[in-house]
Amino acid sequence: MLSKNFLAKIPQLMQTNDLMEKIVSLCKRRGFIFQSSEIYGGLNGAWDYGPLGAELKRNVKNAWWKAVVHEREDIVGLDASILMHPRTWDASGHTANFADILVDCKKCNNRFRQDHLKGKCPVCGANDFTEGRAFNLMFKTQVGAVEDEKGICYLRPETAQGIFVNFANVLDSTHRRLPFGIAQIGKSFRNEVTAGNFIFRCREFEQMEIEYFTKPADAEECHKAWIEARFNWYLNLGIKKENLQLRVHDKDELAHYAKGCSDIEYNFPFGWSELEGIANRTDYDLKQHSQFSGKDLQYQDPVTNEKIFPYVIEPSGGVDRATLAFLVDAYHEETVNEQTRVVLRFSKELAPIKVAVLPLLKKNADIVALAKNIKKDLQKSFSCVYDDTAAIGKLYRRQDEVGTFYCVTVDVDSLEDKQVTVRDRDTMTQIRIPVDNIKQYLAEKF
Ligand SMILES: [Zn+2]
């Protein structure tokens with residue numbers, strides 16, 4: 001007999017799996033996210049952002065850049081290249097240690113991560129595996145026309161090292177004093193054995209990382225402050241508090257050089273998973289690069305002339321993961337007039353489209369002309385769309401489903417009274433506003 005507890009969980013399980021399916025389906029249908037090279041059957045672990053997804057992802061990155069670079073005095077930006085000198089990865093430890101241990105099932109020949117196996121083969125049930133072999137997760141490639149050992153390069157598995165190798169360049173060109181940070185957004189590549197959960201774990205992904213350099217004595221306080229700042233960033237952009245949690249790493253989870261790490265986790269439909277890690281990396285990276293490059297990467301105090309290796313606090317977030325969390329969190333269904341209304345309740349900052357301008361009658365040339373003029377005027381200030389491909393009720397639903405904040409509707413009366421209807425996405429309330437005032441009205445709202 002099934003226990004009560006189990007039965008109680010069934011609706012919940014169905015609901016969560018259902019939610020993920022709904023989001024993946026909406027993302028494809030409305031042009032947020034497509035499977036990479038889908039017409040060829042797709043490429044596992046790679047995804048393409050469609051017209052609305054590109055806007056959403058860009059908004060996520062802009063919100064991050066604004067919060068950590070533009071709105072602070074102590075952080076500068078960087079955009080380092082994906083291809084780096086291979087010695088970088090010797091210094092960082094990636095050449096030797098960035099590997100999963102894989103085993104093959106001798107009966108069915110499937111390959112698994114050893115640390116994911118619990119005794120028997122999950123495919124055929126046999127218990128006969130090959131010896132574990134290290135599988136490096138870095139993508140190897142060739143630089144230049146001659147294919148030899150010297151030309152071997154890697155697609156960076158993290159953006160962080162681009163910051164460390166530029167530490168002295170940034171210091172010399174900006175005359176920064178401790179504490180200060182360098183922020184970067186960029187693509188990284190990891191040949192994950194198992195990619196999955198939609199855009200959560202991809203082989204090509206985008207990171208937003210800060211390396212924040214501080215005096216060793218201040219590192220602990222600084223770490224705490226960053227955990228709080230990063231946690232609040234997600235809340236400020238609309239993530240519900242109950243869907244966000246902090247997980248402090250156990251000592252045995254930490255890299256040998258790290259003093260501490262906390263993950264910000266989101267309650268995804270597939271379970272609590274990491275959005276961002278905030279680590280105290282001590283002075284490990286700068287010391288390693290000093291040793292491997294022979295360049296002195298110490299910081300010299302301009303007053304005391306004392307030289308030190310700064311400690312590093314690293315808030316490292318995933319752009320794709322954050323985008324998925326914002327999508328999941330924004331998804332909302334309600335019943336209106338006995339029909340299901342789907343709304344993506346994005347925050348004002350993240351909504352891919354801020355305003356849609358809709359003509360009530362697309363066959364009326366004057367209405368269309370006025371609507372197009374309004375759109376042309378508004379698009380200088382907000383991301384806007386014009387749509388006349390369906391009846392107004394359907395147009396509203398379409399905009400709700402992609403999270404458009406306001407719909408401006410031009411009707412026959414507009415031609416006479418020079419007023420339009422502005423509809424709010426969340427409350428669905430409509431008000432009449434003079435055409436001349438729309439821009440100011442919306443500017444105040446955003
Ligand atoms: Zn097997």
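Biologist: Where is C124 found?

Modeller: C124 sits in the loop between strand 5 (111-113) and strand 6 (133-136). Helices (H or I, at least four residues) and strands (E, at least two) are DSSP runs, numbered from the N terminus. This is a predicted model: local features need pLDDT of at least 70, side-chain atom pairs count only at pLDDT 80 or more, and totals for chains, interfaces and linings use all residues. Residues are numbered from 1 along each chain as its sequence is written.

Biologist: Which residues does C124 touch?

Modeller: Not counting residues up to four places away in sequence, C124 touches C105, K107 and C108. Two residues are in contact if their C-beta atoms, placed from the backbone, lie within 7 Å.

Biologist: How far apart are C124 and N232 in space?

Modeller: They are 46 Å apart, C-alpha to C-alpha, and 108 residues apart in sequence.

Biologist: Now the whole chain. How many helices and strands are there?

Modeller: The protein chain has 13 helices and 23 strands. Of its 446 residues, 33% are buried. The C-alpha trace spans about 75 × 70 × 55 Å along its principal axes.

Biologist: What are the domains?

Modeller: Domain 1 is 27-84 + 155-327, and domain 2 is 353-445. Those bounds come from an automatic or database domain assignment. The centres of the two domains, taken over C-alpha atoms, are 38 Å apart.

Biologist: Next, helix 8. Which of its residues are buried?

Modeller: In helix 8 (residues 284-293), the buried residues are D285, L286 and H289. Seen down the helix axis, they fall within an arc of 95°, so they line one face of helix 8. The arc is that of the directions from the helix axis to the C-beta atoms.

Biologist: What do the buried residues of helix 8 pack against?

Modeller: Helix 3 (87-92), helix 5 (160-164), helix 6 (167-174) and strand 16 (311-318). Just after helix 8, G294 has a positive phi of about 75°.

Biologist: At what angle do helix 2 and helix 9 pack?

Modeller: Helix 2 (residues 51-70) and helix 9 (residues 319-330) pack at about 110°, with their axes 10 Å apart. The contact involves L56, K57, V60 and K61 of helix 2 and V319, A322, T323 and F326 of helix 9. Axes are lines fitted to C-alpha atoms, for helices over the stretch in contact, and angles run from 0 to 180 degrees between N-to-C directions. Helix 2 and helix 9 are therefore roughly perpendicular (65 to 115 degrees; under 35 is roughly parallel, over 145 roughly antiparallel, and the rest oblique).

Biologist: What is phi of N109?

Modeller: Near 65°, a positive value in a residue other than glycine. N109 lies in the loop between strand 4 (99-104) and strand 5, and is exposed, with 10 other C-beta atoms within 10 Å.

Biologist: And where is E338 found?

Modeller: E338 is in the loop between strand 17 (331-336) and strand 18 (339-344). Its phi is also positive, near 65°. E338 is exposed, with 5 other C-beta atoms within 10 Å.

Note on methods: Buried ≥ 20, exposed ≤ 12 C-beta atoms within 10 Å, placed from the backbone.
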